[in-house]
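Dear colleague,

Please find below the structure that I am handing over to you.

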Amino acid sequence: MNEHFLRLWPAQASDYAVSVDWLVIGFTAMMALFVVPVFVALWVFIWRYRRGRPADRDHRPQSNLPIELAWIILPFIGSLVVFLLSARLFFIARTPPEDALEVQVTARQWMWKFQHQGGQREINTLHVPARRPVKLTMISEDVIHSLFFPSLRIKQDVLPGRYSMLWFQAEHSGTYGVYCAEYCGTDHAAMLARLVVLNPADYEHWLADNGSSADLARQGETLYRQYGCASCHDSGNAPPLAGVFNRSVQLADGSQVKADEAYLRDSILLPQKQLVAGYLPIMPTYSNLLDEEAVQRLVAYLRELAEKHQ
Ligand code: HEC
Ligand SMILES: [Cu+2]
């Protein structure tokens, strides 16, 4: 497709990618530091004590405390440094900034679907602005997939029935390869996508050119009316949904949950899974009516309601 596909050392599209590469290079160098002396000594001794060589063979083993301490402590410190550096990167990868741009991802055999907050939708191509954090909330409509951005050095399984998350900040505009990294059936190898990183101004143009008439929350509001949610939720038969997002919800079994995206998704698709305390289990299952993308729109609407509600 383009030069970024099938490169052994992919382009570095983010600062995170640069840090990961330094970690890999540093770790490899440290391993070489441990391994090379062992192999050098191995061959020296093989040579020196080969058969027929009149070498002195009755050395008593003698201890040498400084050497013992050195080979225990130095590798320990080296490994600890690598551990701390990788723990830091892991922490960064798990902690999206608050102001990240949000994109909803739905995977299925065999394509990637992306929904932007403005309502723009694309398949197998993802447009993002450079130098801005982007957070992907991902779910699969069938089997396990895995979204892999080699040029960003990030990869995350995309699971059916459960949201997972990736975030990144691309620094350089360009087009980068995106892969499915979990074998998912016949056309797994063809489950490719492109990441198009645009300069912020070009990104604004792209948004405007691809603008849909309604943003994600408006589309969710339409679904909310279309599927009769209001008949229960705005009538007292069901909990009001205006401020529910991110609130703590008391469940019928006595436990408490935070109404995050995953909880709201499950409430819509599997209403009997977690019953809200004080209500009857009368909510119908929407799993055969709404697909994951529709649920993402409803959740966007409920989120917006909560933001207005504050
Ligand atoms: C027939 C009535 C009915 C309809 C229609 C209905 N719900 Fe519900 N819903 C309920 C009831 C009752 C509860 C509380 C009991 C439970 O958890 O199932 C509930 C719970 C919820 C919750 C969890 C609320 C909380 O406070 O934790 C969400 C979210 C939700 N519904 C969303 C929807 C959406 C979105 C629709 C439309 C696609 C919808 N509901 C349609 C009756 C309904
Ligand atoms: Cu796949």
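The UniProt record, an unreviewed entry, lists residues 98-209 as "domain: Cytochrome oxidase subunit II copper A binding". Please note that the model shown here is a predicted one. In this model, the span of residues 98-209 is 9% helix and 51% strand, and its end C-alpha atoms lie 27 Å apart.

Helix H1 covers residues 15-48 and helix H2 covers residues 65-94. They pack with their axes 11 Å apart, at an angle of about 165°. Because angles over 145 degrees count as roughly antiparallel, H1 and H2 are roughly antiparallel to each other. Their crossing is left-handed.

Which residues of H1 and H2 meet? On the H1 side, they are Tyr 16, Ser 19, Val 20, Leu 23, Phe 27, Met 30 and Phe 34. On the H2 side, they are Pro 75, Gly 78, Ser 79, Val 82, Leu 85, Ser 86, Leu 89, Ile 92 and Ala 93. By class, this contact of H1 with H2 comprises 12 nonpolar and four polar residues, with no charged residues.

Turning to charged pairs, a search of the whole structure finds 13 salt bridges. One of them joins Arg 303 and Glu 102, whose closest N and O atoms are 2.9 Å apart. Arg 303 belongs to helix H7 (residues 292-309), whereas Glu 102 belongs to strand S1 (residues 101-108), so this pair ties together parts that are 201 residues apart in sequence.

Yours sincerely

Note on methods: Residues are numbered from 1 along each chain as its sequence is written. Chains are lettered from A and ligands numbered from 1 in the order in which they are written. This is a predicted model: local features need pLDDT of at least 70, side-chain atom pairs count only at pLDDT 80 or more; totals for chains, interfaces and linings use all residues. Side-chain values use heavy atoms; hydrogens and water are left out. Axes are lines fitted to C-alpha atoms, for helices over the stretch in contact, and angles run from 0 to 180 degrees between N-to-C directions. Helices (H or I, at least four residues) and strands (E, at least two) are DSSP runs, numbered from the N terminus. Angles under 35 degrees count as roughly parallel, over 145 as roughly antiparallel, 65 to 115 as roughly perpendicular and the rest as oblique. A crossing is left-handed if the near helix is turned anticlockwise from the far one by less than a right angle, and right-handed if clockwise. Contact means heavy atoms within 4.5 Å. Ala, Val, Leu, Ile, Met, Phe, Trp, Tyr, Cys and Pro count as nonpolar, Asp, Glu, Lys and Arg as charged, and the others, Gly among them, as polar. UniProt positions are given in the numbering used here, feature names are shortened, and annotations may be inferred rather than shown by experiment. A salt bridge is a side-chain nitrogen of Lys or Arg within 4 Å of a carboxyl oxygen of Asp or Glu.
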